[in-house]
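The sequence and structure come first.

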Amino acid sequence: MDPIIRIKNLTYTYPDGSRPALDGVSLDIMPGTFTAVLGSNGSGKSTLAKHMNAILLPSGGKVLVDGMDTIDEGNLLAIRRRVGMVFQNPDNQIVANVVEDDVAFAPENLGVEPAEIRRRVDAALEQVGMYQFRLHAPHLLSGGQKQRVAIAGVLAMDPEVLVLDEPTAMLDPRGRREVLRTVEELCRERGITVVLITHHMDEAARADRVLVMDAGRVALDGAPREIFPRADALRALRLTVPDTTALLLRLRAAGMPVPAGALTPEDCAAAIWEALR
Amino acid sequence: MSLIEIRGLTHVYSQGTPFEKAAVRDLDLTLERGGTVGLIGHTGSGKSTLISHLNALLKPTAGTVLLDGEDIFASKASIRAARFRVGVVFQYPEYQLFEETVYADIAYGPKNLKLDTAEIDRRVREAAAFVGLDEGVFDRSPLELSGGQKRRAAIAGVLAMEPELLVLDEPTAGLDPAGREDLLEKLFAWREARDAAVLLVTHDMTIATRCDRLVVMAEGRIVLDGTPEAVFSHGDELASIGLELPEAANIARLLRDKGAALPPSLYTVDALAEAILALWGKGGAPC
Amino acid sequence: MLKDITLGQYFPGDTVVHRLDPRTKLLLTLVYIAALFMVGSWGGYALCFAALAAVTAVSHIKPRALVKGLKPLVFIVVFTAVLNLFFTGGDDILFRWKFIRVTWAGLERAVSMVIRILLLVSGTFLLTYTTSPLAITDALERLLSPLKKLHVPVYELSLMMCIALRFIPTLIEETDRIMSAQKARGADLETGSLVERAKALLPLLIPLFVSSFRRADELALAMECRCYNGGEGRTRMKQLRMAWQDAAAFALGAALAAGVLLLRRLGI
């Protein structure tokens, strides 16, 4: 299978920047996978994300989306349609003051037939569980609900990839759970490729693959159960490890035979119980 | 005498309209000097309404708020005094920065206190040092700072008023893990040094585990109030109002359900690890 | 609190009035306003009021909501009334005290102006209460679309209006938030001379500007990500179609205008 996003030796320097924000990043994102991107503030995560739908164009290297080079202006709309992007502040991405009108914004821009727009809007709102709110005013919704509307607004483009830039940073735990559940469903049930940028280790633990960025480079890349046990490496990159991993590492250090890669509380408890018996 | 004593506090928004909503109902709460109290609850549980009464930004519909035994709404002077004695750092405080320089912005509160220049200068420098803001940025525009630095400058602006009670609403929201940890350390150090009281509003259970006392709110009322041990032993009540347990307490619960004889009220990774190792040692496994 | 303002608020519903084509509603509002200015007798006002009351009832809008919307206008209404009351000439003097002089004509004019303003504003409120702002901008865009030929960016203008409406509640909330934060730092917005108070607004206005620019920036980015490319080649989910109800509504509107003119003729 061909990668849906292929990044080759990408460098990028902001017009007013002295050092590159991205410094030789190469990676492939396979269709249908769930990738989490971690890294401290200023490590280049958002800059990387903005290259995936041609909001930023490489200073050096290449970004190919579904085989299309982002530098080629003729590909612009085709790429943006394929790679939907959701940002941190849900308030600042909702254009209209009725939910369904907002969701219709992207397909309207794309010149889709009215009947087809209606179908897509309804389907997108169903998928994020916001159909019953379709006639509401966005400013009266909770943060988690607004963010799900923003996701629906992107889904209405029928994208293949969903890139989310810290979508849960401004939400309370309930909103975070809602958004994360929605994103996981879209990936696991609808086969949409997900790239999730986050500061929350427990969110990253649910991905297929974790990328850790540092100073514009990919510092670590692997499955969560391989990455998280490397507590020292993560701490050096200004990150923490999930509590499950921290606990298992403590137990292992004391000689207890438990695997370090059990990431969910359930797996972790099961592994410890196994060792205790 | 308690620093803050709230008796029968009720606050109703838009009273007399179809949008009428009681955000806080008949609430009693006492805060003592010293120590860190965590205030947890969902958005809409009434936390924000409650904290806006502590420095007299909102007037109670019913009930009283006493600061050192005196009603803060007694007079204009007492309201003003409460603004300075109770410092409130709202969510995303960096959006309140407005002065031309970082120094002037931190000095804004002390200036409103009508202090003399030397005292203002001392306070600005001290507050900046507490939050780890380098004096090199004093002459720069606050808008030029990085996100983390802006947050520190904004918090320093409140610390410089030298409040007796410091209220912080989600002070670490949006920071990266290392930034979160660093800011918390600094706030705890400030509390120690000034012997002030801190009320920390948070969703983050890892932060909650580090408080001396936890107050849990739901639907405008206090539903749990006690030490973290006590509060986290009420896992079912917390779950019923949609709050999560700290991850360690969660794992401990799962292990107990399987039959592990763990002591109650384990909620930190360290304590849980020790308890598990103690069990494992007893089991006769090689140490 | 600032949040309580209902300016431009839309109350979703499913009545005949809600379902009318927004272009119909916009044009009929204009007809209604024109009728109000043609009124030449008390009977004309009664007729306009009856029309307003009927539409309010049919659209299930609570009269209380209309009254609440009128509250911010008290100052303008009083000002107009006073102006007309004291500065209208005439011979049949009703009341005189020092240099103040009130005539029957003045009283009549003041009452008539107040009624006219109240009916006018309530009528436009009825439009915004029963028509989503997006539908209004949509209708405006379509009614003005002939201007596209003159290179007037009609779509862009209507989008700007739509976004402005969308962000009003958000910015009101933000203002509340910043005000609280600055008050918590001892800002005093209520006392002092006019100059002092104007100066005291800076801590409020600067952060509000900064944050509005940031929002505008982020919104532009989000719109770009959603393939926004100007008005060219855009389609619409909601097609506007006139139905028999719209024809009926126009007939009623014409009847109202005719009625007002007739009453004026008859002097009732």
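Two strands pair if DSSP finds at least two bridges between them. Helices (H or I, at least four residues) and strands (E, at least two) are DSSP runs, numbered from the N terminus. This is a predicted model, in which local features need pLDDT of at least 70, side-chain atom pairs count only at pLDDT 80 or more, and totals for chains, interfaces and linings use all residues. Residues are numbered from 1 along each chain as its sequence is written, while chains are lettered from A and ligands numbered from 1 in the order in which they are written.

**Sheet of chain B**

Chain B has an open sheet of 4 strands in the order E2-E1-E4-E5, with antiparallel pairing. Its edge strands, each pairing on one side only, are E2 (21–31) and E5 (70–71) of chain B. Strand E1 (residues 4–13) and strand E4 (residues 62–67) of chain B are joined in the antiparallel sense by 5 bridges. Arg7(B) has Thr64(B) in E4(B) as its bridge partner.

**Chain contacts**

Residues are in contact if their C-beta atoms, placed from the backbone, lie within 7 Å. Ala, Val, Leu, Ile, Met, Phe, Trp, Tyr, Cys and Pro count as nonpolar, Asp, Glu, Lys and Arg as charged, and the others, Gly among them, as polar.

Chain B places 21 residues in contact with 17 residues of chain C. On the chain B side, helices H2 (76–85), H3 (102–112) and H5 (147–159) give two or more residues, and H3(B) has the largest share, 3 residues.

The contact between chains C and A takes 28 residues from chain C and 35 residues from chain A. Helices H7 (133–144), H8 and H10 (202–225) of chain C give two or more residues to the chain C side, where the largest share, 8 residues, comes from H10(C).

| Side | Nonpolar | Polar | Charged |
|---|---|---|---|
| Chain B, touching chain C | 13 residues | 7 residues | 1 residue |

**Nonpolar cores**

A nonpolar core is a set of buried Ala, Val, Leu, Ile, Met, Phe, Trp, Tyr and Cys residues joined through C-beta atoms within 7 Å. A residue is buried if 20 or more other C-beta atoms lie within 10 Å of its own. The largest core has 196 residues; among those touching the most other members are Ala152(A), Ile106(B) and Ala156(B). Helix H8 (residues 154–184) of chain C gives the most to this core, 7 residues. Beyond neighbours within four places in sequence, Ala156(B) is in contact with Ile106(B), Ala127(B), Ala128(B), Val131(B) and Leu133(B). A second, separate core of 23 residues includes Tyr10(C) and Val260(C).

Terms used
Contact = placed C-beta atoms within 7 Å. Buried ≥ 20, exposed ≤ 12 C-beta atoms within 10 Å, placed from the backbone.
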